[in-house]
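The following note records points for a colleague who is examining the coordinates.

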Amino acid sequence: MTSPLTEIFPFLDSDDSNVKSQALTILASVVNETNSSEFCQSNYISKILDCFNNSELCIQTATLLTNIVACGGEFDGKITIEKVMEILSRDLNNESIDIYLMLLTNLTTSEDISDKFISTCNKHAPILQQMIDKFLDYNPQLVEGPGVEFSEIDKWQHFASILCNICRLENGRTLLLDRSTDNMSRLTRQIRSANAVRRRGVVGSIRSCLFDSNIHFWMIEEVNVVTPLLLPLVVNTPFTEQEKQGMDPILWMQGEEKIVEPELDIQKMLLECIILLCQKRAMRDILRQKKAYYVVRNLDYAQDDSDISDTIYEIVNLLMGNEEPLNDTAVSGSSKPTNDTAMSGSSKPEVTDTNGQTPLSKSADDTRNPTPVNSDDFDAVD
């Protein structure tokens with residue numbers, strides 16, 4: 001039986017922009033998990049990419065490609081990266097920036113494409129730093145804690161997912177860890193965003209960076225990452241006066257209305273960040289001084305998720321276990337984030353569904369190497 005796509009795609013060869021526009025609209029509406037692979041045939045993809053050459057069709061083209069990837073379609077995205085970054089290099093204030101960021105998010109789930117994204121950005125330097133600034137500065141929903149509703153659509157929210165994806169690569173992490181910028185300090189503030197998409201991507205990015213134990217002292221003492229990581233985990237159980245000694249007052253001054261991080265996968269990533277910071281004895285001692293144990297202990301009392309409890313148990317063992325006075329044995333860990341999963345972007349600006357976080361494996365030779373965020377259960381753009 002002849003596929004309906006064979007009847008629609010020829011219209012993309014038309015010289016009439018209106019005809020091409022209608023064809024793109026139809027194609028975007030019919031793509032699904034069953035036929036997405038058919039869209040990825042080289043002759044079809046080339047026809048779609050050619051539509052980027054018409055400025056009037058760029059948004060529709062990006063929408064169609066976003067839907068194809070969201071439905072499981074796979075194609076070489078390197079040319080697409082070049083096309084999209086050429087568009088964004090001309091105007092980062094594009095009203096449809098969210099569509100382009102969704103497409104980039106879905107494409108950068110591949111490490112090869114993440115590397116292509118970074119190298120393409122370097123050709124348009126300093127666009128990547130400009131995008132980071134846009135993401136960090138555009139905070140209409142930034143509030144004191146999660147759980148607060150915000151009505152304005154956050155057009156830059158999916159850049160958090162892009163950061164998480166490129167931080168699997170050393171050159172991606174290097175950008176965030178550049179001490180000549182305040183990228184990391186500003187990034188930690190996003191942990192308190194009301195937008196779960198931002199929080200998830202930012203915490204995933206920070207976690208990837210923390211696989212490098214050489215930055216831990218800087219992250220703790222200069223970036224002051226401990227408080228932003230612990231604050232979302234504080235429950236409304238009061239601390240004793242003894243427990244408050246050495247603890248950041250911001251943590252123990254939270255009132256009864258304090259809301260703990262509502263997304264369990266983000267809770268788990270925050271706890272995994274603490275585990276990674278425990279790799280060296282000196283850092284464990286600092287975390288003890290900052291009373292991190294009491295924060296996670298109270299969290300464990302207040303929740304009943306077994307995965308969260310297991311992760312907290314690892315922290316308790318690391319911080320409260322007996323240690324020899326001069327012992328500096330590192331926690332077994334990788335210096336490179338795993339690359340088997342990545343954060344997939346939603347194809348809708350208002351994302352609510354995610355697949356969550358791959359748990360840490362529990363085995364005798366546990367490498368404590370949590371995988372990057374995996375969020376690939378999304379619908380297509382309407």
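1. Helices H20 and H21. Ala292, Tyr293, Val296, Leu299 and Asp300 of H20 meet Ile308, Ser309, Ile312, Ile315, Val316, Leu319 and Met320 of H21. By class, this contact comprises 10 nonpolar residues, one polar and one charged. H20 spans residues 292-302 and H21 spans residues 306-320; the two pack at an angle of about 150°, with their axes 10 Å apart. Since angles over 145 degrees count as roughly antiparallel, H20 and H21 are therefore roughly antiparallel to each other. H20 passes H21 in a left-handed crossing.

2. The structure is a predicted model. The average pLDDT of the chain is 84, and 81% of the residues score at least 70. Over residues 346-380 the pLDDT is below 50, although the model gives this stretch 109 contacts beyond near neighbours in sequence. Residues 329-335 likewise stay under 50 in pLDDT, and the model has 17 contacts for them beyond four places in sequence. The contacts of both stretches should be read together with these scores.

3. Overall composition. The chain contains 21 helices and zero strands. Of its 382 residues, 56% are buried. Among contacts in the chain with a separation of 6 or more, 78% are between residues 24 or more positions apart.

4. Helices H5 and H7. The axes of H5 (residues 58-70) and H7 (residues 97-107) come within 9 Å and cross at roughly 35°. The crossing of these two helices is left-handed. On the H5 side, the contact is made by Cys58, Ile59, Ala62, Thr63, Leu65, Thr66, Val69 and Ala70; H7 contributes Ile99, Tyr100, Met102, Leu103, Asn106 and Leu107. The contact of H5 with H7 has 11 nonpolar residues, three polar and no charged residues.

5. Is Ile162 buried or exposed? Its relative accessible area is 0%, under the 20% limit, so Ile162 is buried. The residue is found in helix H10, which covers residues 159-166. Leaving aside residues up to four places away in sequence, Ile162 touches Leu101, Leu104, Thr105, Thr108 and Phe117. Ile162 and Gly201 are 39 residues apart in sequence, and their C-alpha atoms are 7.7 Å apart in space.

6. A cis peptide bond. Which form does the peptide bond from Ala125 to Pro126 take? The bond is cis, with omega near 5°. Pro126 is placed in the loop between helix H8 (111-123) and helix H9 (127-137).

7. Positive phi at Asn224. Asn224 is a residue other than glycine, yet its phi is positive, near 60°. Asn224 lies in the loop between helix H14 (216-221) and helix H15 (226-230). With a relative accessible area of 32%, Asn224 is partly exposed.

8. Positive phi at Lys291. Lys291 is not a glycine either, and has a positive phi of about 60°. This residue lies in the loop between helix H19 (281-289) and H20. The relative accessibility of Lys291 is 16%; buried means under 20%, so Lys291 counts as buried.

Notes. Residues numbered from 1 in each chain as written. Predicted model: local features only at pLDDT ≥ 70, side-chain atom pairs only at ≥ 80, totals over all residues. Heavy atoms only, no water. Helix = DSSP H or I, 4+ residues; strand = E, 2+ residues; numbered from the N terminus. Buried < 20%, exposed > 50% of the residue type's maximum accessible area, 1.4 Å probe, protein only. Contact = heavy atoms within 4.5 Å. Axes fitted to C-alpha atoms, helices over the stretch in contact; angles between N-to-C directions. Parallel < 35°, antiparallel > 145°, perpendicular 65-115°, else oblique. Left-handed = near helix turned anticlockwise from the far one by under 90°. Nonpolar A, V, L, I, M, F, W, Y, C, P; charged D, E, K, R; others polar. pLDDT = per-residue confidence, 0-100.
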